[in-house]
Amino acid sequence: MQSIELLPEIWKWQKTGRIYLAGEIALIVGLVIGITSLPQIRRKRFEIFYYTHHLYTIFIIFFLFHTGDRHFYMVFPAIFLFAIERLLRIIQSRPQTCILSARIFPFKAIEVILPKEPSLKYTPTSIIFIKVPRISKFQWHSFSIASSSSVDDDTMSVIIKCDGSWTNSLYDMIQGMPVSGPNQKVETCIPVSVEGPYGPTSTDFLSKYDSLLLVAGGIGVTPFLSILQEISSAQNHGKKNYPTNIQLVYITKKRNSIGMLNSILPLLSNKNTKEFRLKLKVFVTQEPKSSTTLGELINEFSQVETVDFDIGHISYSPNGYGSSLFMATIIGLSSILFLVFLIILSHVFLPQPKKPSSKEKTQTPSSFVDLVLTGSFILSILIVTTISLVLKLKHLKKQPPLMGIKHEGKEMQASSFQSRNLDDHELHFGARPGFQEIFSKFPNETGGSHVGVLVCGPEAMKESVASFCQLSSQGSIAGALRKKTYFHFHSLNFSL
């Protein structure tokens, strides 16, 4: 009998108290978002995952009506900051820029070079979000930046492994451009929108180690390219707070992936010096043993097809997310406006309490309070967004045209690399790396006492490196007496 009496209440929209129907809607939306977040759907059906997660606005609104304003206050500050950040990201990515050039690798990957303002600085391991309207007007995809803002003032680049529907569409679009031969300009602009870069605020995570062990699997080498260029540039400018002994372990299935190391060729070919010593160990796992040398592989696969694009009428260069001072100002202003609108709307729309002498009690419907709270929130966000948009448009008018940007440096590096000495580096075919041997030899090869171990690649490889990193720090590997070496593990992951 009790369950029968509760059934009609479930479908009611009560004027006061908890609104059960709103809670049911929020529950269903939350379940949909949670189910589509499972790896089986997120990785194989990214579009479903992406679009269903925009239902969070419906979840938040009905959650407010269900729990009431008192309980909603506990999560409201986080929602308030999220809304500001989301709108600022939309304003930042609204102007479209274009692809300056693209390098097509033989293993179905592309390096996309984009313009940027010289004042835009980012740290290694930063990522950007890219949208190509010709492929999808709504999809954003994140990629780690392969370049360094300390080396390239006007450009930044990302390397994209094309193994999904969106990335394959971009690869086919670039490869299908009508060109007469390599290094020819295409009189077609590919508009793109860019968000970011997002990443650590400083490079302290690098400077606290005297040695680095970088372990990359496949496309996971991308963030390490940025790290190596950043360290080399810093030391060339006299900065001494970076590690001087670095070892890069690169694991790939096929030999043609060696072309991704093109941007660090000068670091590999230069003789080891006291200021900067880089050792490369390449493991080609799915090819039989061969007498091919590392220098022959680099000379063969560093020369790749480059397609330059005409930028057309687009003159926008991404200028980043904004300074911390700007963000603090926006958050402070929006908070003040929210309180002001909340006070005004409460006096206008909510009935004022009567005198204490009155015996009548009036109870304001909870939905009225929720609407006042929502209205104050929306008004404050809209005003701050309008101010940010005006400032953005003024900044765009001051930007110089893109015509003067030069982006031929990549090919010059590759062509200048010929018969340099690579005897210090290693190349292995048909085998996976033996991490036990690598960790046991690393202290003798570098002499570092505090080693930063950065790993980017498959999860199984990360777990293996993490276990050997822990054992090595405990002294379980290499029984010989030596100076104690501590390995500090860091995992890098930018894939959904």
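Which residues are linked with Arg89 in a network of salt bridges? Glu85 and Glu195 are the residues linked with Arg89 in this network. The model is predicted, so local features need pLDDT of at least 70 and side-chain atom pairs count only at pLDDT 80 or more, while totals for chains, interfaces and linings use all residues. Residues are numbered from 1 along each chain as its sequence is written, and side-chain values use heavy atoms, with hydrogens and water left out.

A search of the whole structure returned eight salt bridges. A salt bridge is a side-chain nitrogen of Lys or Arg within 4 Å of a carboxyl oxygen of Asp or Glu. Side chains of opposite charge can pair when their charged atoms come close. Arg89 and Glu195 meet at 2.7 Å, N to O. This pair links distant parts of the chain. Arg89 lies in helix H6 (residues 76–93) and Glu195 in strand S8, 106 residues apart. Helices (H or I, at least four residues) and strands (E, at least two) are DSSP runs, numbered from the N terminus. Both Arg89 and Glu195 are buried. Buried means under 20% relative accessible area, exposed over 50%, and partly exposed in between (1.4 Å probe, protein chains only).

Strand S8 also belongs to an open sheet of four strands. The strand order is S1-S8-S4-S5, and the pairing is antiparallel. Strands S1 (97–98) and S5 (141–144) stand at the edges. Each has a single partner strand, so one side of each is left without a neighbour in the sheet. Two strands pair if DSSP finds at least two bridges between them. Four bridges join S4 (residues 127–131) to S8 (residues 191–198). Within this pairing, Ile130 has Val194 in S8 as its bridge partner.

A parallel pairing occurs between S11 and S13, over four bridges. Here Val284 has Phe429 of S13 as its bridge partner. A salt bridge also joins Glu426 and Lys279, with the closest N and O atoms 3.3 Å apart. Glu426 lies in strand S13 (residues 426–429) and Lys279 in strand S11 (residues 277–284), 147 residues apart. Glu426 is partly exposed, at 24% relative accessibility. Side chains alternate along S13. Leu427 and Phe429 point to one face and are buried.

A salt bridge within a helix joins Lys462 and Glu459. The closest N and O atoms are 3.7 Å apart. Both residues lie in helix H16 (residues 459–474), three residues apart, about one turn of the helix. Lys462 is buried, at 4% relative accessible area, whereas Glu459 is partly exposed, at 43%.

The unreviewed UniProt entry places the feature "transmembrane region" at residues 20–41, 48–65, 71–88, 325–348 and 368–391. Such annotations may be inferred rather than shown by experiment. In the model, residues 48–65 are 83% helix and 0% strand, with end C-alpha atoms 27 Å apart. Residues 325–348 are 100% helix and 0% strand. The end C-alpha atoms of this span lie 35 Å apart. Helix H12 (residues 324–349) contains Ile336, which is exposed, at 53% relative accessible area. Ile336, Val340, Ile344, Val348 and Phe349 form a nonpolar surface patch. Together these residues have about 490 Å² of accessible area, from the Shrake-Rupley method with a 1.4 Å probe, where only the protein chains shown count as cover for residues. Patches are made of residues with over 30% relative accessible area and no salt bridge, with nonpolar side chains (Val, Leu, Ile, Met, Phe, Trp, Tyr) joined within 5 Å and like charges within 9 Å.
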